[in-house]
Amino acid sequence: MAAQYLIDGFPIELLGGDAGMTCDKWVGTVLKVLITKLQSITKKNDINIFVLSILSVQSSDKSTLLNMMFGVRFRSSVGQCTRGVNIQLIKVEDRDEYDYMLLMDTEGIHPMIIQSKLFFLAI
């Protein structure tokens, strides 16, 4: 059902912001079903998906930027921060390199984390 939601153009929450964890089995199953459905729709065995993620500090309008650039519907409002990781699939026309784009809208990074030397080591 989540894979069909993506195909229909709706965003889904891939990683819950409240729990801070995800079920690898669920994510893997959703992505496998998504690929299978896209193969059936396009009649192609090899589906190329370009993944674009956005990462920045909290309240820096990441969701708004994605919404404006790609005409998608990530939740955004004044004083409301994205929780977790949300994804949305869009079909790409007239590109040989890829058939679809998977947009990832991420929860903002707290400024104190960015100041940490460990953050830069992790990147």
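Asn86 lies in strand S3, which spans residues 85-91, where helices (H or I, at least four residues) and strands (E, at least two) are DSSP runs numbered from the N terminus. In this predicted model, local features need pLDDT of at least 70 and side-chain atom pairs count only at pLDDT 80 or more, whereas totals for chains, interfaces and linings use all residues. Residues are numbered from 1 along each chain as its sequence is written, and side-chain values use heavy atoms, with hydrogens and water left out. Asn86 is buried, with a relative accessible area of 12%; buried means under 20% relative accessible area, exposed means over 50%, and partly exposed lies in between (1.4 Å probe, protein chains only). When residues up to four places away in sequence are not counted, Asn86 touches Ile12, Glu13, Leu14, Phe74, Leu103, Met104 and Asp105, contact being defined as heavy atoms within 4.5 Å.

The protein chain as a whole contains 5 helices and 4 strands, which follow one another along the sequence in the pattern α-β-α-β-α-β-β-α-α. Of its 123 residues, 33% are buried. Among contacts between residues at least 6 apart in sequence, 57% join residues at least 24 apart.

In soluble globular proteins, nonpolar side chains tend to be buried together. A nonpolar core is here a set of buried Ala, Val, Leu, Ile, Met, Phe, Trp, Tyr and Cys residues joined through side-chain atoms within 4.5 Å. The largest such core has 15 residues, of which Leu6, Ile12, Leu34, Leu38, Ile87 and Leu89 touch the most other members. Two or more residues are given to this core by each of H1, strand S1 (12-15), helix H2 (24-42), S3 and strand S4 (100-106), and H2 gives the most, with 4 residues. Leu34, once its neighbours within four places in sequence are left aside, is in contact with Ala3, Leu6, Ile7 and Leu89. A second, separate core of 9 residues includes Ile54, Val72, Tyr98 and Leu103.

A search of the whole structure finds 2 salt bridges, a salt bridge being a side-chain nitrogen of Lys or Arg within 4 Å of a carboxyl oxygen of Asp or Glu. In one of them, Lys44 is paired with Asp99, and the closest N and O atoms are 2.7 Å apart. This pair links distant parts of the chain, as Lys44 is in the loop between H2 and strand S2 (49-54) and Asp99 is in the loop between S3 and S4, 55 residues apart. Lys44 is partly exposed, with a relative accessible area of 32%, whereas Asp99 is buried, with a relative accessible area of 12%. A salt bridge is also formed by Glu97 and Arg95, with the closest N and O atoms 3.0 Å apart, and Arg95 counts as partly exposed at 40% relative accessibility.

Backbone angles were also examined. Most residues other than glycine have a negative phi. Lys43, although not a glycine, has a positive phi of about 60 degrees; Lys43 lies in the loop between H2 and S2 and counts as exposed at 71% relative accessibility. Asp94, which is not a glycine either, has a positive phi of about 60 degrees, and Asp94 is found in the loop between S3 and S4, where it is exposed with a relative accessible area of 77%.
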